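Here is a short report on one protein chain. Keep the sequence and the 3D view open while reading.

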Amino acid sequence: MWENSSLRCLVAIAFLHLLSFIYNQETGFPEVPQNLKCITHDLKRTICSWDASSSANLGLTYNICYANSDLVSPVCIKTEEKRADIPVTAGSTNIQITTLNAAAIPLTTETFVVPKENVSLIPFTPQILSLSPDFSSYTLYLKWNDSGSVFPYGLDASWQIQILHKETMETVTLATYNSNLTGKDTVLSWNWTSDMPLECTSHYVKIRCYINESVFTGRKEWSEWSLIKTVPGKDTELSNAVVYPQDKVVPVGSDMTFCCLYSEGESIKYMKYGSERYPLLHLSKRSSAIKVQNVSASIPSGTNVWCSLQPDNAAGTVLFVGYAPDVPQNLSCETRTFINIICSWNSGKPTGLYRQRRTKYILFERISRENVTCKVDELSKKHRCDFPVHANQKIYSFTLGASNPIGQTESSLLIDVNQRVHLETPDKFTVSTNSSTTAYLSWYIPGNLIQIRLLCQIEISNSNSEQQLNVSVAGAENSNYRARVDALHPYITNTFRVRCSASEHFWRWSKWSEEKKLTTLEAPPARGPDIWRERSPVRETLKIFWKPLLLSEANGIILSYEVSCYLQETMLKAHEVPGPLNSTELKLGGNDCLISVVAKNRAGSSPPSRITSVDIPSDNVKTEQAIATGNGIYLSWYSDPNVTCGYTVKWCYSSGSEPCNVDWETFPSNTTDALIKSALFQPGVRYNFSLYGCKHNGYQLLQTITGYMKELPPKVAPNFTVAETSSDSVLVKWEDIPVEDCQGFLKGYMLYFAKGKRGASKPSYLEEGPPEVIPKNITDLTKKSLRIRDLQGKTSYRLDLKAYTIGGMGPSKSLYVVTKENSVGLIIAILIPVAVAVVLGVVTSILCYQKREWIKETFYPDIPNPENSKALQFQKNICEGNAALKTLEMNPCTPNSVEVVETRSTVPKIEDTKIVSPVVDSEFPEDGYDTETESHVVVSYCPPVIEEEISSPPIDEHVGPSQVIYIDIQSMYQPQVKPEEEPEINFLTTVGYKPQMQLPVNAMKMESHSSTEEDLDETAGYRPQANTNAWKLDSPDSPISIESNNENASFGSPCSINSRQFLIPPKDDEDSPTPNNTGWSFTNFFQNKPND
């Protein structure tokens, strides 16, 4: 039935299509492309991919047609994948995707418009070519291909590099590397340095790319990360414990990480850097680390790092910390022999690294392209290095490099070798002579010096001078050089040495050769000696002096002196004096001649020195004073026109018993001053100079001069005494100080005087005296006495006398003197007080006589007035402050009249004042008192506390007569008698001043009293005191008797109101006559004058 095969195939396809259609209808998911995405990797082709709705796409194909502005007609492609490559276009692209089943029957068609902004630029995933570690420097070196050939033109690319470490792959750093894509494949390299040794743990690296195309308007994204490359750490293959880094060298201030690797089964206890422990950082199960910040310079042997493990293991390493080499300083290159060039420099700051870690130096010459390794002493700061000289090369360009494990530096220098010649030290130096003024020198200098000339310097020195001579010689190869020195001084030992340098281009002198000494031969003395002569006092002998010639003048050893005497060119006498002597005597017998002195040595004689023996007489030779300069003596004189052949200043030295050594100096005729210096001059020593003028006919003494090299204060104080003494002056005399003790020219004396006693402390005027110290400056050296006036008589004075020079004040000498007593003053001092006393007495007598009545009334009146007695006005508290003083209290009162009455009341009242007793506080009854009578006062006997109430009566009220009541002192303290029990008592009233009366002794017991004339007569007059005979202590009427009823009884003497004294002495007899007050007692002296 199915013989036709074609038919059978068609039927099968139709059947399958039917099944697919039925399936699609049943599932409801047609094959519709969706989520179209387009990306480009190379900006040439765009890869578009999409998603299909059904997974049952077996046998499905896609027909893709795209069109854009660059195509004339659409382009269709068929693919079984869900992606398609289409060209990149500048505009939008229309894409139509048709889904075909296995029978090529279209199932669905979808059209997409892809704008250029929706296309993403995603570079290809980069591939790492290599990752290599440098464990010594902790550096990873990475290489990869940039795939630049896939892009049609050059682009800017950025690469992101991620570094990870540890087993947990923690990110260490994320770095960015920028490059340019040139259209060709280029291998890029990058390195990274870790802060910990790479051996401590594994490190991982991966990269990705980003293309920065400015023209591309679509999205630009990072590529996928590359495959991870791994650098395994040493902890993955460890057999023994170890600490990294091993023997590392780092600069000062570095931050270091040390790790300790150990085996499984071990654990770390601690890690130490030096002597200090640090906290541990866990890296892996077999690795731990510590971090040390800002390490300091280590010792030459380094700093130890220690790792302690459990159970019992340890590991360690050493860290060397120092500095990079300093730039070579003061680099200098020169040649000494034209065989080698020697370069020297200073190393600068020490690095702190030694042995195999020390600084290494390499000297490189750029023109010849040669280098030399320099061997240097690491402990020395000054280093040198030799470089060979090339035959036809003059210019050399050197670069000196310095390096150590921390860093490297360099210094450069360009030189012309002909201008940098520093010759070797002259050797084999010799000196010879065959005359008194010439020397021959020879020396050797190594090196090939043919191409230059030498400039050599010869130094000649002796005890007196030093000079340098320059000689120029032609250079030679390893040759000896010679020179001749002329104009040397005869018989002088000279010291020679030589040094050389290049003549044309001076750079540096060589070192001095060794010294050689040479003494030239003798020659005749250059001149005659300086001579002087002196005649003896009797003029029979002439002594000739001469000064030894200087060594430079003697030209050899002086063997003798020939002294001759000539008279008109005829030699009279001649003899030789041995060399050591410098004087001789000639006996001329009063004659004069011309003296000649010649010095001789082995080589010959000196020219003669001549002087005449003639002395010209001098008149009125003056003595002047020289000026001390501290290092010499300055002399001056007037010019003499007759002096034709100069001046001679002569002096001599004398030390004790030795004879005077004569010395002199000669000056030209036009000289008028001179500074004389000598090593023999001493401060404070006086020297006498004689000035001679040389005239055509002889020498004449012009003047004498005295002086000191340096003036000092006087050595001793002048001796002085008190010649006369008076009451107001003292005459002081003193003596001159010896010349040898003056030590300078005296300028005066200072005399101090002040009051003082012998044995007292040092007077204050020797310091800075007070005003009472009086100094006297005596500048007239001819005076030898001084009278001190205006002194006080009979007073001790201290006198101090000093001498002074320009050099200062000398010591002082003290004397004590007492002035005499002034008799006139004593007499006046006695007479004046006596006269004053007599005058005062006379004046007082006259005044007393004229005022006799007033004096009588004032000091002793007939009747004293108690009120006006100011002598009796005591202070208020005189009784209060003294408990032992027992007096009656009173109040001031000036009564007009006194009325004495008797009252029956036990408490009397007195006008104006009330004194209350502290013992009796209750008020007394006032019954029976007359209303017209004034208030009375209660008189107590000195109570401790007194209250006074002073009441003034009204002005319009009549003031009655005052009353004086005499009471018994003890009656105040007795029990009071009731008013009804008081007996009636008649008061006796009288007119006139009768303050006191003789009252009946026992008035209370008297039955009656008669006012007879007899009683009045008995009570008339001034009778202040009662009959003391009736006052008996044992009577019932006595004050101490309690049974006494006599109210008027009193103890002691009655007193008036203000009186504290007895007014009238008691009568010896009651019947004696009343005193007439013809005299006054001591107590009356204090009474005031009565007012009437």
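How many bridges join strand β9 to strand β10?

The model is predicted. In it, six bridges join β9 to β10. β9 covers residues 128-134, and β10 covers residues 139-145. The two strands run antiparallel.

β10 is also joined to β13, by seven bridges. This pair runs antiparallel too. β13 spans residues 187-193.

Find Lys143 in β10. Ser130 stands opposite Lys143. In β13, Ser189 is the bridge partner of Lys143.

Now look at the hairpin of β9 and β10. Four residues lie between its strands. Tyr138 takes a positive phi there, near 60 degrees.

## Thr93 in β6

Thr93 belongs to strand β6, which covers residues 93-100. Is Thr93 buried or exposed? Thr93 counts as buried, because its relative accessibility is 5% and the cut-off for buried is under 20%.

Which residues does Thr93 contact, leaving aside neighbours within four places in sequence? They are Tyr66, Ala67, Asn68, Ile86, Phe112, Val113 and Val114.

## Confidence

The chain averages a pLDDT of 79. Of the residues, 74% score at least 70.

Two stretches call for care. Over residues 876-887, pLDDT stays under 50. The model has 14 contacts for this stretch beyond four places in sequence. Over residues 902-1064, the pLDDT is below 50. That stretch has 277 contacts in the model beyond near neighbours in sequence. Where pLDDT is low, the predicted coordinates should not be read in detail.

Key
Residues are numbered from 1 along each chain as its sequence is written. This is a predicted model: local features need pLDDT of at least 70, side-chain atom pairs count only at pLDDT 80 or more; totals for chains, interfaces and linings use all residues. Side-chain values use heavy atoms; hydrogens and water are left out. Two strands pair if DSSP finds at least two bridges between them. pLDDT is the predictor's confidence in each residue, from 0 to 100. Contact means heavy atoms within 4.5 Å. Buried means under 20% relative accessible area, exposed over 50%, partly exposed in between (1.4 Å probe, protein chains only).
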